[in-house]
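Below is a short briefing on one protein model. Look at the sequence and the structure before reading the points.

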Amino acid sequence: MKIYQYVIFSISLIIGEGVHADSKKEPYPLEYFALRDVISQVNVSPDGKHLAMMKIATKEGDPVLEIYDTDDLSKDPYRVNADPMEITSYSWIGNDDILLSLRQKVRDKIEGFNRGVYEGKLAKLDLRKEKIKEFREVNARIENLLPFEPNKVILSFNADSGANSKVSRQFRPRQYYELNLKNGRKKLLISGKIAMGRIVFDGRGNPRIGFGFDVKEGDSVTFYRGVNEDKWHEIHRQSEDSFESFRVVGIDQAAPDSLFVLAHNGRDKQGLWTYDARKKKFGELIYARNDVDVTGLRGHSDEWNKPDAVAAVRYATDKPHYEYFDADEAKLYTQLEKSIPFAHHVQIASRSKNNEAIIAYNSGPQDPGTYYLLMDGKLKEIGSKQPSFEHDRLAEVKYIKYKARDGKTIPAYITIPKGEAPYPTIVMPHGGPFVQEVVGYDKWAQLLASRGYLVLQPQYRGSRGYGLDFYKSAFIEGGEGGKAMQDDKDDGVKHLIEEGLTDKDRVAMFGWSYGGYAALIAASRTPQLYQCVVAGAAVTDNMLQVNFYRDRMRGAGKIEQENMWVDSLSPIEEVDKVNVPVLLIHGSVDQRVPPRHAKEYLEVIEKAGKPHKYVELDGADHFYSTLFYRHQIKFFEAMIDYLENDCGPDGL
């Protein structure tokens with residue numbers, strides 16, 4: 001590894017001469033969208049004297065870590081390079097010490113489902129000595145930075161259970177160690193087992209909450225432990241067949257043994273409750289809504305002094321919203337939102353122990369992500385993740401709702417291009433499928449909108465965040481993949497046509513992962529709404545994917561996955577019905593949806609003589625963090641060319 005000073009690269013290395021495309025003449029070049037974040041992870045040191053950030057200075061370059069003096073950001077920074085490994089993230093653990101998370105590609109092929117080509121390590125950077133100490137531990141997870149113990153952190157590793165049972169693979173018990181960052185020695189704290197495999201520690205390193213599984217009864221179990229106790233207490237158990245949630249998300253600092261819990265507790269929408277750990281009883285329903293689930297908490301921004309404090313409760317509709325418990329935090333966020341241009345989702349990324357330096361971060365439809373330093377009463381822009389884009393040239397996003405054919409209300413986001421309606425339209429369903437999507441800045445949607453396409457992102461049934469009934473309607477009566485879930489997407493197109501926003505003869509579907517699956521299903525629908533489909537990292541054979549997952553499925557998870565894939569339509573069995581052109585894109589080392597899916601589908605579609613093209617992204621995994629510039633530019637060029645020239649009779 002190397003650490004050295006350097007003169008800051010000009011951004012022209014990335015975007016030519018830094019001249020923005022003329023909005024009246026042409027859209028931004030695809031190269032702009034293919035860039036990984038130029039800067040990211042901006043944080044101040046505990047004493048507020050230094051500011052660190054991750055930076056990618058060239059198109060194909062790896063991230064490096066830069067450290068600046070906050071009192072003079074114009075001074076040349078330190079630059080840290082971990083070659084041949086790649087720095088993926090970092091954490092301040094002292095005024096002059098930084099913990100680095102690194103990864104390296106160690107094999108050329110995946111070793112099976114969910115076993116990728118990268119391995120990770122940790123290292124400590126000493127700024128005073130300008131030295132890096134690499135630790136031996138491989139694939140460790142940082143659990144707690146221990147803000148009151150500057151030379152120690154808590155790590156965890158997958159425990160070697162020595163078993164291949166369904167339960168041990170699903171619950172993956174972990175071992176927890178305290179790592180001494182001075183001498184590299186580690187001390188075993190807790191060795192997880194299936195009965196209690198995952199532990200949550202408070203800010204002072206006390207183990208407080210445990211999660212496990214009762215094999216005999218088939219129950220998930222939650223445990224609690226007081227600060228000065230050595231004994232764990234079972235506080236809640238729930239059948240693995242239950243779809244209701246019970247998740248401890250915080251400890252009430254004002255009431256001993258009172259927990260904050262996200263749970264349904266008999267309601268359709270998940271709410272925030274208090275829970276008495278001694279009496280094992282729900283207390284007050286602190287906050288709930290009738291339209292959407294409560295999805296989490298916002299911790300206090302002063303993580304050095306108040307690591308366990310809770311500032312607000314979170315829910316999402318058009319964007320993330322917060323209801324504050326802490327008046328000072330509410331005031332601070334309100335001031336930032338008023339001061340930051342195009343404020344949408346404002347977060348405090350870090351603040352110094354003396355609270356004199358704060359890093360604020362904003363992202364949203366017209367802001368790919370911008371960092372600010374609040375210091376000495378002044379708010380100074382540090383930089384944007386994607387500096388090649390101008391705010392007002394990015395497309396607006398609107399949150400809408402429409403009715404599906406069976407009367408169910410479907411929320412959705414539409415990214416609206418410049419120009420006049422009706423627009424050519426791309427339906428872009430999210431992956432998962434059982435996840436929550438909240439659209440702020442979406443690179444793919446903005447890329448398509450820059451080319452004149454309206455982008456519809458439907459929150460089809462099965463999407464999380466809209467209550468139990470909405471979620472379970474995707475599979476509880478049988479798999480609705482390719483059926484009602486697909487109807488929801490088509491009905492969104494029909495709604496936009498009726499609203500005059502979409503040209504009925506210029507519609508396509510593009511998706512990744514489950515979204516790619518949905519695109520392939522769309523290619524075989526009758527009557528046909530789409531002129532073509534683009535399917536990325538797509539599940540093409542349902543039973544193949546079920547077999548990958550089978551040893552992880554139990555209870556509600558088994559019902560979810562088996563109904564989704566076993567009872568849903570399988571694209572590879574629908575090829576004879578394909579009636580529009582298909583563009584298939586897949587990473588060569590995809591561990592979540594292995595390349596076998598694409599290869600087998602290609603054999604069938606070629607045999608059937610259906611119009612198609614295939615693009616393989618060499619070295620790309622399933623996840624966005626493995627899509628480098630070379631992958632993205634190849635992917636984007638192929639997709640845009642396909643939409644313009646091969647989508648339908650005259651292109652989209």
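Which residue in strand 32 is the bridge partner of I414? The bridge partner of I414 is L456 in strand 32. The model is predicted: local features need pLDDT of at least 70 and side-chain atom pairs count only at pLDDT 80 or more, while totals for chains, interfaces and linings use all residues. Residues are numbered from 1 along each chain as its sequence is written, and side-chain values use heavy atoms, with hydrogens and water left out.

- Helices (H or I, at least four residues) and strands (E, at least two) are DSSP runs, numbered from the N terminus.
- Two strands pair if DSSP finds at least two bridges between them.
- Strand 30 (residues 409-416) pairs with strand 32 (residues 454-458) over four bridges, in the antiparallel sense.
- Strand 29 (residues 396-403) is also antiparallel to strand 30, and eight bridges join the two.
- Strands 29 and 30 form a hairpin with five residues between them; in the turn, G407 has a positive phi of about 95 degrees.
- Seven of the eight residues of strand 30 are buried (buried means under 20% relative accessible area, exposed over 50%, partly exposed in between, with a 1.4 Å probe and protein chains only).

- An open sheet is formed by four strands in the order 10-11-12-13, with antiparallel pairing.
- Strand 10 (141-144) and strand 13 (186-191) are the edge strands, and each pairs on one side only.
- On average, neighbouring strands of this sheet are turned by 35 degrees against each other, direction ignored.
- Strand 10 is joined to strand 11 (residues 152-158) by three bridges, and I142 stands opposite L155 in strand 11.

**Nonpolar cores**

- A nonpolar core is a set of buried Ala, Val, Leu, Ile, Met, Phe, Trp, Tyr and Cys residues joined through side-chain atoms within 4.5 Å.
- In soluble globular proteins, nonpolar side chains tend to be buried together.
- The largest core here has 61 residues, and M509, Y530, V533 and Y601 have the most contacts inside it.
- Helix 8 (residues 514-522) gives the largest share of this core, seven residues.
- Another core, of 39 residues, lies apart from it and includes L35, L394, A445 and A537.

**Helices 7 and 8**

- The axes of helix 7 (residues 484-498) and helix 8 come within 11 Å and cross at roughly 80 degrees.
- Helix 7 is therefore roughly perpendicular to helix 8 (angles of 65 to 115 degrees count as roughly perpendicular, under 35 as roughly parallel, over 145 as roughly antiparallel and the rest as oblique).
- M485, Q486 and K489 in helix 7 meet Y514, A518, I521 and A522 in helix 8 (contact means heavy atoms within 4.5 Å).

**Two buried residues**

- E574 sits in the loop between helix 10 (555-565) and strand 35 (582-587).
- E574 is buried, with a relative accessible area of 11%.
- Not counting residues up to four places away in sequence, E574 touches I521, S524 and L569.
- The C-alpha atoms of E574 and R525 are separated by 9.2 Å, although these residues are 49 residues apart along the chain.
- H236 lies in strand 17 (residues 233-239) and is buried, with a relative accessible area of 15%.
- H236 touches S220, V221, T222, F246 and Y275, not counting residues up to four places away in sequence.

How values were computed
Axes are lines fitted to C-alpha atoms, for helices over the stretch in contact, and angles run from 0 to 180 degrees between N-to-C directions.
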